[in-house]
Structure formats: C-alpha cells, structure tokens
Amino acid sequence: MTTYHFGRGRARWVPYLLLLPGIFFYVLIALGPSMATAVYSFTDATGLKGAPVHWVGLDNYKEFLFMGQASKDNFAALERTLVFCFFVTTIQFGLGLFIAVLINQNLKGRNIFRTLYFMPVILGAVIQGLIWSLFLFPIGGPMARVLEFFGTRSEFLGGQPSEAFAWVIAIQIWANMGTTMIIFLSGLQTIPTELYEAVRIDGANSWQVFQNVTWPLLTPSVNTNLTLNIIGSLQAWQLFLVLLGYRNGTQVLGYLIYATGFGQTSGSVTSSFRQGYAAAASIILFLLVLVIGMAVQTILRRREVRIMG
Amino acid sequence: MSATREAVLTKKPIPWGMIGSYVILVFFAVLYAGPLLMLVNTALKTMPMFMKDATGLATEFHVQNFVDAWNKASFPKYLLNTVLYTVSATAIYILTAIFVAFPIARGYVKYSGALLTLFVIALFLPPALIPQFQLILGLGLYNNPIGYIMLFIVNPIGIVILVNYIKTVPKELDEAAALDGCGYFRFVLEIVTPLIKPAIATVVVLHAIGIWNEIIAPTIYLTNKDYYPITRGLIVFQGVYGSNWPTLAAAVLMLTFPMLILFLFLQRYIISGLTAGSVKG
C-alpha cells in the first residue's frame, strides 16, 4: 500500500466505494459465470425459465465422449477444431511475419499496404462473411472467373463440406492476418537499425540477416502471435455461423457448444436447449485450450531462455 | 571484356528485392481490396445485370438498391439500436474501469496486486456463455435491451491496459493535488482522466468495435426484432433477400463505408491496443 493523500477516516473509503461497481460487474457478468460453467456441466440445466435442474454427475461428459453417433460427431468436431487451429495458426503466422518484413523495408506506399491488410479487423465477422459470400458467388463471381481461367470450377461455400471448411480457413486468415502483421511490425521497429548495418558490413545476405538478427530479436512478438493465434483459432467460430450455418461436416467445437446450448436447426441436424451438456462441452474445449496453450507456453519460454539468455 | 565488366559494376544494380516485394504486396492488396470492390460494383447494379454478368462493371448508378436496403432492412432502426448499445455499454464500462484501474495502479486499495491478477486470469478461464445466459434469464432480462447492454460492461483487457498506462503518470501529482484540497473523485475525473487520454481512447475504441460487430450475443439474447442490432439485421436480411445480391450488397456497403472512414481515423488507437504489452522492453 502506498501513502494515500486524499484524506483519512471515512474519506479513506472513497477509492474502495468507487472501485466497487467495476469489480461487482466483473464478478457478476464475467468471472462468476466463467467459473460456474464447471458447475453447470454436472447438471441437466435447460435454457427454459423455471425448469427444474438436477445434478447428474459426470453424465454429460460420458455422453459427450462415449455415447453413440453423437460422440462420433463430437470427436469429428474436435478433430476439425484442431485442423482449423493448425492451418489458421501456421499460415497466419507465416504470412503475417513475411508481410511484416516486406512492409518494414523502406518502401513507398507501405502505409497504404499496411492499412489495407489491417482493414478487415475492424469490419467484424458479419461484414467479412457477407463480403466473401459475394466474392465467392459461384455463378460468374470474381473467384469463379479466376477458376474458370484455370479451367476448373467450384461451388465454394455451397460445395463439399471439406471444401467449404477450407474456404472458412482461408477467410479466417484473410480477416485476422492484419493483427499478426501489426504485432510483428511493432516488434520489428524495436530492432535497432545499427544491428542490421553491422551484419550487412560483415557481408551477410538477406536470409542470414533474418536468421541471425530479425528472428531471434523478434522473440517477444513471436510468442505473442503464436499464443494469440492458437487460442483465438481454437475458439473462433463466428465465420462458420455467417458463412455456412450449422452444417454437417463443417462444425467446430465452439459452434457445437452454441448449437447444443441454444438450439439450432439446419437440414438434418437438430439440437435442443441442453445447457448442462453444452457447459460440459465448454469445459472440454477449455481443457483443450489449456493443455495446448500451456504446452506452447513451455516450449516458447525454453526457447526464449535459450535465445535471450 | 573488362570494359563491360566495369560498366556492370558501376551501373546501379536492378533492385530485384524491391521489385519482388512490390509484386507480392500488390498481389495481396488485390486479395484485400478485391472483395470490397466487388461489393461496390454489385451494389450499383440491377438484379438482371448481376445475373447476366456478375463481375461486369456497373455502367450506371442505381440508387434504388440503397433505397430498398435502407427501407426493407429496417436499416435506420437497427443502426440506432447498435449505436445505443455501443455508446451506453462503452460509457458505463469506461467510467467504472477508470475507478478500478486507478487505485490498483497506485496501490491505494488493499490487495491491489491480487485484484489485478483477478482481471488477468479472466483471459484463461472457460467461456462464460451458458451461466451468463442463465444469469440474464434469472434476472428477467432475457430479450431486453438492458440485459443485452449489461453483457458488455466488462472487459478485463481494458483494465490491464489502463493500469499499465496510469503507472506512467507521476505520483507526486496526487500529493500536490491533495494539498491543494482536491478530492479523490474530482482528482481522478478532472486530472488523471485527461492525462491518460491515449489509453482511454485505445480501450474505448477496442471495446466499442467489439460491441458494434457482435453477432453471437444478439442471436442468443434478443428475439424481438425491434431490439436487433444492425449485425443481426443484416443476417436476417440475408436470409430473406439472400439471392438479391445487389440489394444485399447495398446494405452491407452502407454499413461498411462509414466504418472504413472511421477506421482511418481510429487506426492508431486500435493498433496501440493490439500491440500493448506484446513487445517487452
């Protein structure tokens, strides 16, 4: 505690009183519900007001993991979540780094490129999704024309589930690459130019400069971006909602939780307001994020110690 | 032989690296601008023109698409709802957040460190989706604008950004102000707030964009059409007029264009918010 200058006695309580609303809202709306997810996962809660809630122990987890076709679908969604995370993270990370290095050169118009690539970040999932639905219009749309030129065609988002899924990955990367790039750019700007000049004088080529100066000194941004990309892509599903809807063969875990918790009917897939079950699925997704996140953190920290000492 | 060699050596080398960089950057620029240009082009066309040739350039300006979208999509109503939700939730949030962040940054309340940790761990906890819904339902605020706004009056990352920034404001200021008889409440609002404007701007912009673009919460919490924000309105509009791309494109464009203009002004705040804390030292 630091010395407080604004009075004693009763006046000393003023900062506490003013702090209270913010803490209260935070606990009520974010922290409390977040922890309560674990509690709900052991019940058969529904989304209906006044409906009785029973303690069901591990039933939701057992059902999610081991019961019939539904559990097979769940595992398929889990696998898809990991595939989505892998492709989005690696491509977005690689592309973001590559573009940041290009833009960081002394190029004319670099601000225009930077602004353009970063633009989708502000538009949000709905506009991103609708813009791309139009761009991927299968009958004579721009992308269809490009494919036509190469002598092929596609239904894009309306095609095979695997194809639609691949397009969502591409659009997710398009939408968020700007954030990765911006974080790398701010990292690049902390590297002193004298360092580059020093290795250049020693006769290093571009690749060697990148390998020996840029890459190791970029470690903090590398860590931030990898962590953000992995956690973000494991939990992302808004673009699926806008681009595809709840469609068989394309669901990821986040969407599945929403659909089981709040009801979602589309084609042959019907789900109900099973909120206890959805809470169990949330916990499983959370554990997945936790395990992967911690493993990555450990690897990154070891690497940081090795590089930065 | 030696003459040509000399000529090569003295001539400025072709900057292949630069040319390559530009080629790649322009390629990606097309990928980023292309979908937007397609949107503009489609919004200017009539439906028959679009069906005949989707990518062909619009030859004239069809204002009718915009009129249709404005009326049929209940654009003014939904837009007003979005503005209302965004402004009120952000205002409540930032006001409470300043009074949380300041005493924590200064150590004016007990357990400041633990309190800050409380906000940091939120980033690593399970999603609150289900219990949050039960809470709103229990409070009788389901399908109610107040319940909807309530969902958005917290944002732990913003607190962390504010705390870090307030730490750069010299502490001597507090003592001097107190000696002059300035009270705590007035000090925070009238002296600290102007000094931390850049951080406040960053947090406000990040928070407001999140609410503005939100699509999941309105799908869950709002069933009455009169309460829809514009994002939900657009999705419904797509459901009904999905095949009428010129009108849909006009609707999307009317929302996209002002956001892009705003983006150009707010870009630096968004960037500083995203990079806050990501670069050590």
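1. Into which domains is chain B divided by the domain assignment? In this predicted model, in which local features need pLDDT of at least 70, side-chain atom pairs count only at pLDDT 80 or more, and totals for chains, interfaces and linings use all residues, chain B has domain 1 (14-65) and domain 2 (74-241), with bounds that come from an automatic or database domain assignment. Residues are numbered from 1 along each chain as its sequence is written, while chains are lettered from A and ligands numbered from 1 in the order in which they are written.

2. The centres of domain 1 and domain 2 of chain B, taken over C-alpha atoms, are separated by 37 Å. Chain A is divided into domain 1 (9-40) and domain 2 (59-308), and 33 Å separate the centres of these two domains of chain A, again over C-alpha atoms.

3. The contact between the chains (C-beta atoms, placed from the backbone, within 7 Å) takes 78 residues from chain A and 80 residues from chain B. On the side of chain B that touches chain A, helix α2 (residues 16-43) of chain B gives the most, with 15 residues; helices here are DSSP runs of H or I with at least four residues, numbered from the N terminus.

4. Within chain A, helix α3 (residues 68-103) and helix α10 (residues 219-235) pack at an angle of about 145°, their axes lying 9 Å apart; axes are lines fitted to C-alpha atoms over the stretch in contact, and angles run from 0 to 180 degrees between N-to-C directions. Among the residues that meet are A:Phe84 and A:Phe93 in α3(A), and A:Leu226 and A:Ile230 in α10(A).

Conventions: Two residues are in contact if their C-beta atoms, placed from the backbone, lie within 7 Å. Helices (H or I, at least four residues) and strands (E, at least two) are DSSP runs, numbered from the N terminus.
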